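Here is a friendly walk through how the chains of this model meet. Have the viewer ready and follow along from one interface to the next.

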Amino acid sequence: MEPFILFGTFTFLLLIGTPVAFCLGAASLATVLYMGLPPVIVFQRLNSGVSVFALMAIPFFIFAGELMVRGDIARRLVALAGAVVGHLRGGLGQVNISASVLFGGISGSAAADATAIGGLMIPQMKKKGYSVEYGVNITVMSSIIALMLPPSHNMIIYSISAGGRLSIADLFTAGILPGLLLATTLMTTAWFVAKRAGYPTESFPGWSALGGLLLNAIPGLLLIGIIFGGVRSGVFTASESSCIAAVYALLVTTLAYRTMHWPEFVAATKAAVRTTAMVLLVIGCAASFGWLLAFLKIPAELVAFMKGVSENPLIILLMINIVLLFLGTFMDMSPLIVITTPIFLPVATAFGVDPVHFGVILVLNLGIGLCTPPVGTVLFVGCAVGKISVWDAIRTIWPFYGAAIFTLGLVTYIPALSLWLPSLFH
Amino acid sequence: EVTLKSSDTHPDGYPTVEAVKHMGKLLQESTDGRICVEVFHSAQLGQEKDTIEQTKFGVIDLNRVSMGPFNNLVEETKVVSLPYVFKGVDHMHRVMDGPIGEDILKAFEPHGYVGLAFYDGGSRSFYNRVKPIKSIEDLDGMKVRVMQSDIFVDMMSALGANATPMPYGEVYSSIQTGVIDGAENNWPSYESSGHYEVAGYYTLDEHLIVPEVLVMSKVSWDKLSPEDQEAVRQAARASVPVMRDLWQAREKASEEKVRAAGVEVITEIDKEPFMAAMDSVYEKHVTSDKLKDLVSRIRATD
Amino acid sequence: MRYVSTAALWFAGGGLILMTMFISAQVFMRYVMNDSLVWSEPASVILMGWFIFLGAAVGIREGYHLSFDVLLYFLPAGAKLALFSVSDIVVAAFGAGMAWFGTELALSAWNVKLPSLGISGAVDFLPLVAGGCLIFVFSLERLVRRAAGLPTARFGETEMEDA
Ligand code: NA
Ligand code: NA
């Protein structure tokens, strides 16, 4: 009965247009009241769900993105990118994905990537005649790349959840090829979708124009270098880099470009607060919802059911993927890693799957879950940045889901994609 | 028929998790199946600070937690979080198994918890990526990650190091890139976090030997008959030796793995200067008569 | 109402800027001075709570929370408005819960001293209480406006005002 109330209330509220955060919160509250538990638990989970230091990367990257867009950094970067790959089909889409490869190596957070790159690219794509949906879809799906490329906090969480038998260095290395593979399949998809939609291609502006655009964009390009260099050389941590990005963007726009004045600054700050508040409230309310799922042992029951179905490793992996994708549509990534690793990893290893390989499957799989409704944090970020409804985004996102799931299939059934690179270091 | 929900932040198979499961088995036998225990491991119900609140509300019945989050709530727990307060793990066992341990367990009651038993949390030592720490001078100016706790921060400052609080999940890459030079933990965590891969010097100074505690919600406790309450206490007590055996095995396995990986383990150190540096920490944190009395009683225990 | 909402937004923005300063100061102190700030992390987390819950409350008034309008496309306008009111009542109730139970949490943490900050643990929950009160009030405002036939902002429909 409890799961019925939880999911029933959630679905009902969702359908009548209640904001997603409150669908999650109110459904949790209704279930807790039905069970006779103290209601205070829902609000405690909400508060601690947002009181997580690692989440601060989200407001900072949103803030940096707003400053870059309003302070003209973004326009200059996109002008340069347009000159380099604009002649390709879906040129700005390809730039968006390539930027995620670069950026993913810095942030390790899909939500941060979606806000930073999305905030930069979506408005420009819109201006150049791309549909906003296309921009949002690409931003959302390519942000999963951030989870696969080192450094990824999620890999560390996985390693600890796995009882610490796994080398984090191996896990980091194992994610590289699958991450690049994902980038490749997404770029290919972006090309086909762009071709069908007939998106414009731009002519190559010539080398001297390119040089001028490059010079113009150097302060913006330096941001990537400063963040990457700062993290690699130990000046700041990966999550602190988000703050440095905001400060750097502010300095460049006020001192170098002189485009940032008090009204722009106030507007950027307000916009950052709005987007952050909306996204993090969903994460907080999802913490209540996820707590109830764990309390009601719903993930464990799903697994028990699945184990009874088949003994074939290929089928088991397929089922694990499906169950993870399903759970990932309702819950956020790190709690899911912590809850499902101890349950699924023994099953997977019993069927001969390498634990490092399984970590990559798990993270990619849950990453896709971040982009699927009803609780897709990254999908929400993308929609918020593009200011379109979730419904508009998922109506057109299918080719990209297809590309991601195709990549997941390859990563699942070709262990060497994950294991070959780490093996070189042994 | 009652099922007690128990929380633990450690993963399945970890000594504390297995000990509470064992306690559940004993309890089920002694009550003819009327009471059983269900362990929610891996922080499924939240981090320790949160589950402590949930235990107070009676949403969670049993909770295995570290002493740290209780320090600002139950004053007596501070005493076991003091650096070098115990002479070694055996000394800690003798203290906690005796009247002092009993007093600390009782101190939980006015705050809405029933203290049931103490488990081992191992002994914490320093590790870093720069050089073998052999004396207190080696620590000077080193950036060392500590848990967000006033005692631990003050301890690091007193040792001359730069105490750097940081979320646990960021420690690995921060040591790797040099944001910090090292951290401190016990053998199993040093191994399972993978920190030994990036911080190759481990100095066994054992500055902290902090036991962990198994508490029950007062709300849940009051629902049980006096006989059942006694059965719960007995089962919890009986789980302690099981936990200690499991802990030792786990510690040994971790140590072997770390040593095999080529980590330089420094055992020859003079702890005296380290302990002497702690005077200021004790002065600042052992303020009440209650704490002063506990410290002197611990010191007086053989 | 408009002034309350604007004040909350300014307050939240101030929190974001303060948090930026704290973290930059931490990086500077640790890397340049080799003297880490122990309070910057817990202080930032509390500030984050402030701007999330205040910003979320303003979001109720300005209608920028994400919602899912699939079913509503197929309904007549009257039914749609009735369902929006049901939504607003649910949100108001949840906001009231945030305020009420947030107060309970704050009171129970009153005597707990927060590590590194040395202030009462109640501070941890004050953003929840303040945000909850505002969410409740702004939801009631929406219900009243709708009853009076005035427009209420919804996600994806209205441009955000930049006052
Ligand atoms: Na992207
Ligand atoms: Na999802």
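This is a predicted model: local features need pLDDT of at least 70, side-chain atom pairs count only at pLDDT 80 or more; totals for chains, interfaces and linings use all residues.

**Two interfaces in one table**

A handy way to begin is with the area: the size of an interface is often given as the accessible area lost when the parts come together. The table puts the values for each pair of chains in one row.

| Interface | Buried area | Share on carbon and sulfur atoms |
|---|---|---|
| Chain A and chain B | about 2,700 Å² | 62% |
| Chain C and chain A | about 5,300 Å² | 80% |

**Chain A against chain B**

Let us take this pair in detail. On the chain A side 36 residues take part in the contact, and they meet 31 residues of chain B. Gln44(A), Phe295(A) and Lys297(A) stand out here, for they supply 18% of the area that chain A buries against chain B, more than any other three residues.

Two salt bridges are counted between chain A and chain B. In one that you can look up, Arg45(A) pairs with Asp50(B), and the closest N and O atoms are 3.3 Å apart. Sorted by class, the side of chain A that touches chain B has 20 nonpolar, 12 polar and four charged residues.

**Chain C against chain A**

Now turn to chain C. Here 57 residues from chain C are in contact with 59 residues from chain A. The rule finds two salt bridges across this interface; Arg30(C) forms a salt bridge with Glu240(A), with 2.7 Å between the closest N and O atoms. The count of residue pairs in polar contact is five, both at pLDDT 80 or more.

On the side of chain C that touches chain A, two or more residues come from each of α1 (2-31), α2 (40-62), α3 (77-108) and α4 (126-147) of chain C. Of these, α1(C) gives the most, with 14 residues. By class, this side of chain C has 38 nonpolar, 10 polar and nine charged residues.

**The nonpolar cores**

Which residues touch the most other members of the largest nonpolar core? In this core of 214 residues they are Phe43(A), Leu46(A), Tyr134(A), Met141(A), Phe358(A) and Phe94(C). Its largest share, 18 residues, comes from α15(A). Beyond its neighbours within four places in sequence, Met141(A) is in contact with residues including Leu186(A), Cys371(A) and Phe400(A). Another core, of 52 residues, lies apart from the largest one, and Val65(B), Leu139(B), Ile151(B) and Met278(B) are among its members.

Definitions and conventions. Residues are numbered from 1 along each chain as its sequence is written. Chains are lettered from A and ligands numbered from 1 in the order in which they are written. Side-chain values use heavy atoms; hydrogens and water are left out. Contact means heavy atoms within 4.5 Å. Buried area is the accessible area (1.4 Å probe) that two parts lose on being put together, summed over both. A salt bridge is a side-chain nitrogen of Lys or Arg within 4 Å of a carboxyl oxygen of Asp or Glu. Ala, Val, Leu, Ile, Met, Phe, Trp, Tyr, Cys and Pro count as nonpolar, Asp, Glu, Lys and Arg as charged, and the others, Gly among them, as polar. A nonpolar core is a set of buried Ala, Val, Leu, Ile, Met, Phe, Trp, Tyr and Cys residues joined through side-chain atoms within 4.5 Å. Buried means under 20% relative accessible area, exposed over 50%, partly exposed in between (1.4 Å probe, protein chains only). Helices (H or I, at least four residues) and strands (E, at least two) are DSSP runs, numbered from the N terminus. A polar contact is a pair of N or O atoms within 3.5 Å; within protein, one must be able to donate a hydrogen and the other to accept it, and residues adjacent in sequence count only if both atoms are side-chain atoms.
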